[in-house]
Structure formats: structure tokens, C-alpha cells
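This briefing walks through one structure by topic, beginning with the ligand site and moving on to the domains, the strands and the disulfide. Please keep the sequence and the 3D view open while reading.

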Amino acid sequence: MEEKIGIEEEKKQTMPRLGEPAPAFEAVTTQGVIRLEDFKGSWLILFSHPADFTPVCTTEFMGFAEIHGELQKRGVELLGLSIDSVYSHIAWMRNIEEKMGVKIPFPVIADLNKEVANLYGMVMPGESKTETSRCVFVMDPEGILRAMIYYPLTTGRNMQEILRLIDALQTTDKHQVATPANWKPGEPVIVPPPNTQEMAEQRLKEGYECTDWYLCRKNL
Ligand code: BEZ
């Protein structure tokens with residue numbers, strides 16, 4: 001019977017796709033009812049955590065609170081989610097402030113019926129059927145899903161990597177370039193690869209730093 005319930009639950013889940021409109025939702029949060037469309041015009045990070053009052057999640061919440069100011073400077077809003085009640089969220093956030101001196105400035109969805117979790121494929125039944133994994137979804141100001149990160153229950157996420165991802169997305173959008181492995185703001189970017197022989201010839205004359213015709217970097 002338990003196995004049957006598990007299979008039915010799995011069928012309800014869909015996986016969002018990069019480059020497509022992010023699934024719309026309306027949800028109860030610690031700051032009132034929020035809809036995805038409320039974030040039109042700004043970047044949004046929607047992230048899930050497994051459960052309130054758990055140690056790794058607590059360190060992550062402090063981490064998200066710490067980068068909140070940097071995200072705001074970049075025009076990015078934060079929205080958390082777990083399969084817990086709004087009362088549990090409120091109690092946990094009050095506890096984090098009281099015991100750790102960190103105020104949580106962003107809203108958190110109380111997704112007790114897993115509606116949003118199922119829309120975004122946040123539950124990995126192989127890990128847990130009752131908790132969301134550590135997911136991060138980045139939406140651009142047009143509501144297009146631009147990046148997804150999935151981490152297991154036991155590994156806390158790297159806040160600097162999340163900031164780096166935002167910097168990379170915003171830089172590539174602004175300058176029509178790509179970013180290499182381990183790129184950080186201020187470092188050279190990648191010129192997108194040429195699609196024709198003529199473009200391959202031409203780019204060698206553009207003054208880029210080219211290792212070969214397909215691997216050229218430039219400074220912004
Ligand atoms: C934690 O946040 O510490 C945690 C939550 C679920 C599973 C394992 C760890």
C-alpha cells in the first residue's frame with residue numbers, strides 16, 4: 001500500500017525545463033499569499049529545503065540571509081519553500097533570530113499539499129517521500145527558468161556559488177557572451193563559438209585572446 005502511494009505521488013511531479021516559462025503558482029507564505037507573477041520584472045531565486053528545525057537547513061537559512069543584501073543589489077528576490085506549515089516556519093525563523101541572531105528577511109512557502117514542490121519536481125522519492133531536496137531555481141525578469149541546482153539532503157549549498165551563478169547569468173545576458181569554468185566577475189569571458197567557416201576566420205582578426213578558432217576569450 002505504501003509503495004502504491006509512493007508511485008501515485010511520483011506521477012504528480014513534473015520537471016520544469018530551462019529556457020521555458022517557470023510553472024505558475026499561488027502559495028501561502030510567511031509574508032502572506034504570493035504568486036509567481038508577483039516577481040515579474042525582477043530576478044527570483046526559488047529554493048527548497050527539506051524541513052524546518054533541522055541543522056543543515058538552519059545553516060543554509062543563515063547563509064541565504066547573509067547573501068540577501070548582495071542579491072538585492074543585483075535585483076534578485078529570494079523565496080524559500082518546504083513541506084511544513086506556516087506556523088512551523090514562523091517558529092523556526094523566530095528561533096533562528098533568538099538563538100543565532102539572524103533575521104530571515106525573505107518569505108517562505110508553506111507547501112503542505114506539495115503543490116509547488118510537485119510543479120517543480122522538488123521531491124526525490126529515492127531520498128525522501130515527505131521532504132523536498134535542496135533545489136534552487138533561478139527565474140529571470142520575464143519569468144523564464146534560467147538555471148536549476150539540485151543538492152541532496154545531506155549537503156548544504158554554497159552561497160557564493162549561487163551569487164556567482166547570478167553574476168554569470170546577468171553578465172552573459174548583458175554582453176551576449178558565455179562564462180568559462182570557475183569564472184568570477186572581472187575575469188575574461190568566452191566569445192560564443194562561430195557557426196560558419198567565415199565567422200571562424202573573422203574572429204581570429206577581432207583582437208580576442210584566442211587559443212584556437214573555437215576558444216576565444218575577451219575582457220569586458
Ligand atoms: C538537515 O537539514 O540537517 C537535514 C535535513 C534532512 C535530512 C538530513 C539533514
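Which helix gives the most to the shell around the ligand, and with how many residues? In this predicted model, that helix is H2, spanning residues 55-73, which contributes three residues to the shell. The protein chain itself is assigned two domains, domain 1 covering 2-157 and domain 2 covering 176-218.

**Ligand site**

- The residues that surround the ligand are Pro50, Thr54, Pro55, Val56, Cys57, Glu131, Arg134 and Leu153.
- By residue class, this shell around the ligand is made up of five nonpolar residues, two charged residues and one polar residue.
- Thr54 takes part through its side chain, where an N or O atom lies 3.0 Å from an oxygen atom of the ligand.
- Pro55 and Cys57 take part through the backbone instead: a polar backbone atom of Pro55 is 3.3 Å from an oxygen atom of the ligand, and for a polar backbone atom of Cys57 the distance to an oxygen atom of the ligand is 2.9 Å.
- The ligand taken alone exposes 260 Å², and the protein buries 80% of that area.

**Domain arrangement**

- The separation between the C-alpha centres of domain 1 and domain 2 is 36 Å.
- The bounds of the two domains, 2-157 for domain 1 and 176-218 for domain 2, come from the domain assignment of the protein chain.

**Hairpins**

- Strand S1 (residues 26-29) and strand S2 (residues 32-35) run antiparallel and are joined by four bridges, and the hairpin that they form has two residues between the strands.
- Within this pairing, Thr29 has Gly32 of S2 as its bridge partner.
- Strand S6 (residues 134-139) and strand S7 (residues 145-151) also run antiparallel, with six bridges joining them, and Val136 stands opposite Ile149 in S7.
- Five residues lie between S6 and S7 in their hairpin, and in its turn Gly143 has a positive phi of about 80°.

**Three-stranded sheet**

- An open sheet is formed by three strands in the order S8-S10-S9, with antiparallel pairing.
- Its edge strands are S8 (189-190) and S9 (209-212), each of which pairs on one side only.
- Between S8 and strand S10 (residues 215-218), which run antiparallel, there are two bridges, and the bridge partner of Val189 in S10 is Lys218.

**Disulfide**

- One disulfide is present in the structure, and it links Cys210 to Cys216 with an S to S distance of 2.0 Å.
- Because the torsion about the S-S bond of Cys210 and Cys216 is about 110°, this disulfide is right-handed.

Technical notes: Residues are numbered from 1 along each chain as its sequence is written. This is a predicted model: local features need pLDDT of at least 70, side-chain atom pairs count only at pLDDT 80 or more; totals for chains, interfaces and linings use all residues. Side-chain values use heavy atoms; hydrogens and water are left out. A residue is near a molecule or strand if one of its heavy atoms lies within 4 Å of it. A polar contact is a pair of N or O atoms within 3.5 Å; within protein, one must be able to donate a hydrogen and the other to accept it, and residues adjacent in sequence count only if both atoms are side-chain atoms. Accessible areas come from the Shrake-Rupley method with a 1.4 Å probe; for residues, only the protein chains shown count as cover. Ala, Val, Leu, Ile, Met, Phe, Trp, Tyr, Cys and Pro count as nonpolar, Asp, Glu, Lys and Arg as charged, and the others, Gly among them, as polar. Domain bounds come from an automatic or database domain assignment. Two strands pair if DSSP finds at least two bridges between them. A disulfide is a pair of cysteine sulfur atoms within 2.5 Å.
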